[in-house]
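Biologist: Hi! Could you walk me through the aromatic rings in this one?
Modeller: Happy to, let's bring it up.

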Amino acid sequence: MNKEDDMKEVELNEMDQEKQSMTGETPTGTEKSGCVKVKVTEDTEFKFTGLSKEELMKVAGTAGWVRTRWVLLVLFWLGWIGMLAGAIIIIVQAPRCKPIPEMNWWNEGFLYQISDVNTFSENGLKGVEEKLDYLNQMKVKGLVLGPIHTVQADQLSTMELTSINPEFGSESQLISLLDRAHRKGISVVLDLTPNYEGVSVWFNNAASVAERLKEACVYWLNKGVDGIFLSHLNDIAYTEAWPSVQDIFNQTDGTKKRALMGSVTGLSADDVSHLLNRSSVDLLLTGLPDPAEPGVRQAQVIQLLYSDHLQMSLGWCLSGRILGSPAVPVRLYQMLLFTLPGTPVFSAGDEVGLKAGEKPEAMWDLESQAGDDNATAKEERTAVRDFFKALSDLKGKERSLLHGEYVSLYSSSTSLAFLRLWDQSERFLVALNWGNDSVTMTLTNSDLPAEARVCASTDTENLAVDSKVSVEKLELGPKQAVLLSYAFPG
């Protein structure tokens, strides 16, 4: 056997020993399997230790690294200064937000007038308190209550402005009503019109009533009433006693402002403007615009009052119960009052379109089952109330409707269109046609887009809510109204 064969035999013997150790068998008299165990040695792990402190210090001091550090430092500060300058430029060039005008509680929604508490509810003042949940759902901001004081028609000697007529309730019931209304965020204004059941509401001599009126104002304000309302304000506002009445409401103690409100009827827009300047009341209801007037005249009246006075003092209502009559579509005028610049004031029942002579009690039947002969009427009134509530919600949350600018767009004998806009907030376009024929309005203004979204509509077939319509030539059917919205174009 040569040397090469000896080497092969050694290798085979080593392999046999490996297999024996794997199977646990001895080489004697047994046959070995063909399995081979191969051992692979693992590479030793290589660890990176980096440079030592002494080595780093040597490198850090070289000219190349010094220059690199200075370059990085300069670039960092240049980038930081650049970002700061860019932020300043953006702030300077960004359009500034207009300061929100000073607003009081009566500017934040609509007022609800309950002239006859016994007609509104069978339980008088207690019944009004029981209906506060309903009024809260309608988003009422303030109640104008009464008159409820004691007086016999045209008998000045029987007038007690600080005493509540027992037919309506008691002082304790009024206090309870005030407390619960305030907890719901509803303010209460008390109507102190002296001779409310007589021929002349001021007994033909307003000055003779002034002293007792001032005492009553102080008395009820101290009881927690949020304001005083006076009808036929022009009869007392021009007397020498009026400034002393005003002084009562000019006194502030850091709490919620108490309001002095009034109403007039039958005055021209110029006379109303003069009375506003003279009386300086917080809110004046004018009975304008007059629905019997052409749209052109209504637009002029609105523009005159809006231009000459702060809209916070403008109150809009409809004199008498004309809402719901055939000549005055109820939802059309609901939309008008809610979107004019100022505070809308509605009488009890206006939210469901009660007609003259109908009692507000019909409102409370709407929640009952509609399985009687009046089911159709109930459905219609429920729809009117839902429309009213939708407008109330918009009025309460949209800045353009709360205190935005008023821009007249279009007017004709039977139609009217205007814009309400505030700074960069959502814009609103209001169009109304109370005529018997359709009308096409050509609307032009640099702020107008090509299309706008329908927010509310009395004609849901042709102007469905959330649909897009062209505003350049807006078509409205007879006795229809639409409220459109669009985003700030800037």
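**Aromatic rings**

Biologist: What is the relative accessible area of F110?
Modeller: It is 1% for F110, so F110 is buried (under 20% relative accessible area; exposed is over 50%, partly exposed in between, with a 1.4 Å probe and protein chains only). This is a predicted model, where local features need pLDDT of at least 70, side-chain atom pairs count only at pLDDT 80 or more, and totals for chains, interfaces and linings use all residues. Residues are numbered from 1 along each chain as its sequence is written, and side-chain values use heavy atoms, leaving out hydrogens and water.

Biologist: How many aromatic pairs does the structure hold?
Modeller: There are 16 aromatic pairs. Rings of Phe, Tyr and Trp (its six-membered ring) pair if their centres lie within 6.5 Å; planes under 30 degrees apart are stacked, over 60 edge-to-face, and the rest tilted. One of the pairs is F76 with W77, edge-to-face at 5.3 Å centre to centre and 75° between the planes.

Biologist: Is W77 buried or partly exposed?
Modeller: W77 is partly exposed, with a relative accessible area of 44%.

Biologist: Back to F110, which ring cluster is F110 in?
Modeller: Ring pairs link F110, F338, F346 and F388 into a cluster. F338 is buried too, with a relative accessible area of 1%.

Biologist: And charges, which residue lies over the face of W364?
Modeller: That is K131, at 4.2 Å from the ring centre. To count, NZ of Lys or CZ of Arg must be within 6 Å of the ring centre and within 35 degrees of the ring normal. R331 likewise lies over the face of F387, at 5.8 Å from the ring centre.
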